[in-house]
Amino acid sequence: GGGGYGDPLEREVERVREDVLSGFVSYERARDVYGVVFENAELSDALAVDAEGTRRRRAELRMR
């Protein structure tokens, strides 16, 4: 995908989840660019965001 608007670490986690489910964003890109961590790697409605993991990952990325 192309560049977006704004800080990727500010993107709503549910929108990142939807992008992963739609195949627009990989799990790795969600973690490495958007800082969103998932509890599982299931491409279904069962895909769950790890809220604490996401908070920690986004803090790590902000420190770079």
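Going along the sequence, the protein chain reads α-α-α. That makes 3 helices and 0 strands, and bear in mind that this is a predicted model.

**Overall build**
- The radius of gyration is 11 Å, which agrees with the value near 11 Å that a compact globule of 64 residues would have.
- Along the principal axes, the C-alpha atoms take up a box of roughly 30 × 30 × 15 Å.
- If you look at contacts between residues at least 6 apart in sequence, 36% of them link residues at least 24 apart.

- Buried residues make up 27% of the 64 in the protein chain.

**Helix H3**
- H3 covers residues 51-62, so to speak a 12-residue run, and its first-to-last C-alpha distance of 16 Å is close to the 16 Å expected at 1.5 Å a residue.

**The buried side of H3**
- Which residues of H3 are buried? They are Gly-53, Thr-54, Arg-57, Arg-58 and Leu-61.
- These residues sit on the same side of H3 because they cover an arc of only 130° around the axis.
- An α-helix has 3.6 residues a turn, so residues three or four places apart point the same way.
- What the buried residues of H3 pack against is helix H1 (13-22) and helix H2 (27-32).

Key
Residues are numbered from 1 along each chain as its sequence is written. This is a predicted model: local features need pLDDT of at least 70, side-chain atom pairs count only at pLDDT 80 or more; totals for chains, interfaces and linings use all residues. Side-chain values use heavy atoms; hydrogens and water are left out. Helices (H or I, at least four residues) and strands (E, at least two) are DSSP runs, numbered from the N terminus. The expected span of a helix is 1.5 Å times one less than its number of residues. Buried means under 20% relative accessible area, exposed over 50%, partly exposed in between (1.4 Å probe, protein chains only). The arc is that of the directions from the helix axis to the C-beta atoms. Contact means heavy atoms within 4.5 Å. The radius of gyration is taken over C-alpha atoms; the globule rule is 2.2 Å times the number of residues to the power 0.38.
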